[in-house]
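This briefing covers selected features of one protein chain. Keep the structure open while reading the points below.

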Amino acid sequence: QDKSCRLSAALLGEGSEISQEQLYELLKYAALGKCHNAAQPSWCRIYHQSHLAGVVVVVLHEMSQLHFYRFYLQFKHLRKVFQHRFTLAPSANFPVSLYGEGTNLEPQNTPQGLNSTSSECTTKSSDLQCDPIIQRYGEKKQGLTSYTLTLEEQEKNDYPMEGSPGCKGYISTECDQQRTDSSPLFGLDCEMCLTAKGNEVTRVSLVDAEGQCLLNELVKPQSPVLNYRTRFSGITRKMLLPVKTRLSDIQTRLKEMLPHDAVLVGHSLNSDLQALEMIHPSVIDTSLLFARSEGRRFKLKFLAKAVLGKEIQCEQKLGHDPTEDARAALELAQFFIEQGPTKVAELNLEMLLTAEKLAEVSQNKAVLQPQGCGFQEQLKEPPPLSKPCFLDCLQVTGQKPLLLGRQGLDSSGVCQSNLSTSNKQILQRALEDVPLSKFSVIQFSLGPEYIASHLHAGLHEKVRSKLTDMLTIYAGPFEENFCMKSVKKEFGRCGPIQSLTVVTETFQPYVCIQYEVLEAAQLAVESLNGAEVAGSCIKVQRPVTAAMLDCNVLLKELELDVENEGVIYVAGLKKSLTETDLQEEFSQLKDLETLFLPKDLQSGKHRNCCFLKFQKSQSALDALEAINGWTMKGSELRSRNALAPGHLWRWIWQMNHSSGKQGKHIFYEKMEQLSDCEQDLRRRVKKLDHHIKKLYRSLQNNTLCVVLFPGVNSTQGSQSGLGLMGIKDDEGRSAC
């Protein structure tokens, strides 16, 4: 049975805007799946979510749908790879709305300087009842057996277990569950690299209850290494060259070293045991022990500083020290057991974390405070507890969400922990770090000089003007007293007409026709140029302007767009026909998947055209041949390949019906300013497309990739965003 991940989206339709909430719905389900109570999104469907290798979201800061279609030819990779697109409702500050207020964006860069011993950190006992730690463990001190994970908790948190489908071939430590409150504790931590097999162990550390190191061993992976993850693991190719120790050797040694009632302690220990391919029944997971609301988790570095007053994972070191991490997790568990839930809750870790983030934002740069300078001394009143946000919800799995972006992109402080200053640096870090994370957000930008509101206005007018020209055709010459009704009827068979006027400046009359859809204008050029209409042999052409010189190239690329694959446009329908009538009439066409009947967005009445989507491209070609010249209810049909998907059709309609009240001289000034920098802008967009192409090619198969032009929503006006998405398959293209 085929278990490859697939994405199905009923987005051809009317191109309705997808809201922020609907986008989160998709990303949350993709990252968490049903086992974590995330619901299948309502507007699209992911098949075999559990087989997803990861989720990567690329955010193009301050860019909108406008940018994609203005620089459509430059976005060569995006338009050829991603088969599903949707209009995205604009957000005033997209990064903040996605990441949530106060989100700790990059786990590896948690600022230091917490003074957990300050008397001001404590809270009154009456306030502790709502603390997640008290709600989970109660107020009384208990033995260690009360804090070990039950089998149900292990299963929920993806621990390897006997009989689990994904644990075939795993080795048991052969320890039993007969643990007592005096059972010995052992701290365990591993470093991993990425290989052709997936995550494989490169270093293992085990410490006893006294903190003495019992094992600190390098391990040679079985499969070829794809990424040593040196920045986090500290492991290099040179270090592993002389190593002879294999995973099986480590498994044997651990089995020999651990007594029958051993309790293993670690931070997100499930990842370590999965990499070791070992099953152990008695575990304490410090990422779950120090409980937070909504399934969120504290980072080990934060807990070590806030609870133990220790600095670990220092940035000056190359990679993490697994012995240091194993010892920190062990000491955290010992502190919790010895002090009890009430003492731990009184530390008010949530307030400390919120204060830490507030200090980051107020400094407006990632400066680490000197040790001993407590956050509580800076706050006259305790800050409110941070609200759970989207990325916090993802931490339920124990995975660390990754955010990469330019420093100072917005004033919220969301991206301030990132030290990247250019798209090139962001790309380099992404190529290294994305394979380490199940959920990544990569933010690129054209640069601050290209996000000014006046440039958006000029860009909007240029796109609107070009679309108008592409929707417009001139036909003629006609005789002096030609029948306008006959002309309107003949050209109306190509699709819905927005306006029809007579051109009187010429020696003989011409007509100027503006259509509502691109396909109608193109069909008129293709089928009526040189035809006899209203008693005259006429020529049909588009306006000739500088902006229209590449019109044919643009139309060809639109037709070849991956989203229009298997989609055809049909015109000449009688308006009395309903969608049910059309479904019945077209039911004989092979592999017909979807029928979309465009409607006037004001009156709700459908137009005299429709779009048909077929499961196979060849079926669409066969339908084109069959439909051209087909008579339906006395009306002759005309058809061609589609040029504009549903979201673009809706957007074109909105642009054509926008009032545009600003004076021409203002638009002229803005367009003049835009022209001065547009050549450089095209070059930057092309480079940006290349960056995304390089990132996309580096992704593992079965990775969901979503590219977002978040749109603009400001006092100067708003522009809808655009989303492109797909699941990468074996051929490097997004799977349907």
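Strand E21 (residues 567-571) and strand E23 (residues 609-614) pair in the antiparallel sense, with 5 bridges between them. The model shown is a predicted one.

- Cys-609 in E23 is the bridge partner of Ala-571.
- Strands of a sheet pair through backbone hydrogen bonds, in either a parallel or an antiparallel way.
- The open sheet has 4 strands in the order E22-E23-E21-E26, and the pairing is antiparallel.
- Strand E22 (592-596) and strand E26 (638-641) are the edge strands, since each pairs on one side only.
- On average, neighbouring strands of this sheet are turned by 25° against each other, direction ignored.
- Helix H20 (residues 518-528) packs on the sheet and touches E21, E23 and E26. The direction of H20 makes about 110° with that of E26.

**The nonpolar cores**
- The largest nonpolar core has 47 residues, and Leu-60, Leu-78 and Phe-709 are among those with the most contacts inside it.
- Helix H25 (residues 664-698) gives the most to this core, with 6 residues.
- Beyond its neighbours within four places in sequence, Leu-78 is in contact with residues including Phe-68, Asp-689, Ile-692 and Leu-724.
- Another core, of 33 residues, lies apart from the largest one and includes Phe-298 and Leu-332.

**Arg-684**
- Arg-684 is found in helix H25.
- Arg-684 and Gly-447 are 237 residues apart along the chain, yet their C-alpha atoms are separated by 9.2 Å.

Conventions. Residues are numbered from 1 along each chain as its sequence is written. This is a predicted model: local features need pLDDT of at least 70, side-chain atom pairs count only at pLDDT 80 or more; totals for chains, interfaces and linings use all residues. Side-chain values use heavy atoms; hydrogens and water are left out. A nonpolar core is a set of buried Ala, Val, Leu, Ile, Met, Phe, Trp, Tyr and Cys residues joined through side-chain atoms within 4.5 Å. Buried means under 20% relative accessible area, exposed over 50%, partly exposed in between (1.4 Å probe, protein chains only). Helices (H or I, at least four residues) and strands (E, at least two) are DSSP runs, numbered from the N terminus. Contact means heavy atoms within 4.5 Å. Two strands pair if DSSP finds at least two bridges between them. Axes are lines fitted to C-alpha atoms, for helices over the stretch in contact, and angles run from 0 to 180 degrees between N-to-C directions.
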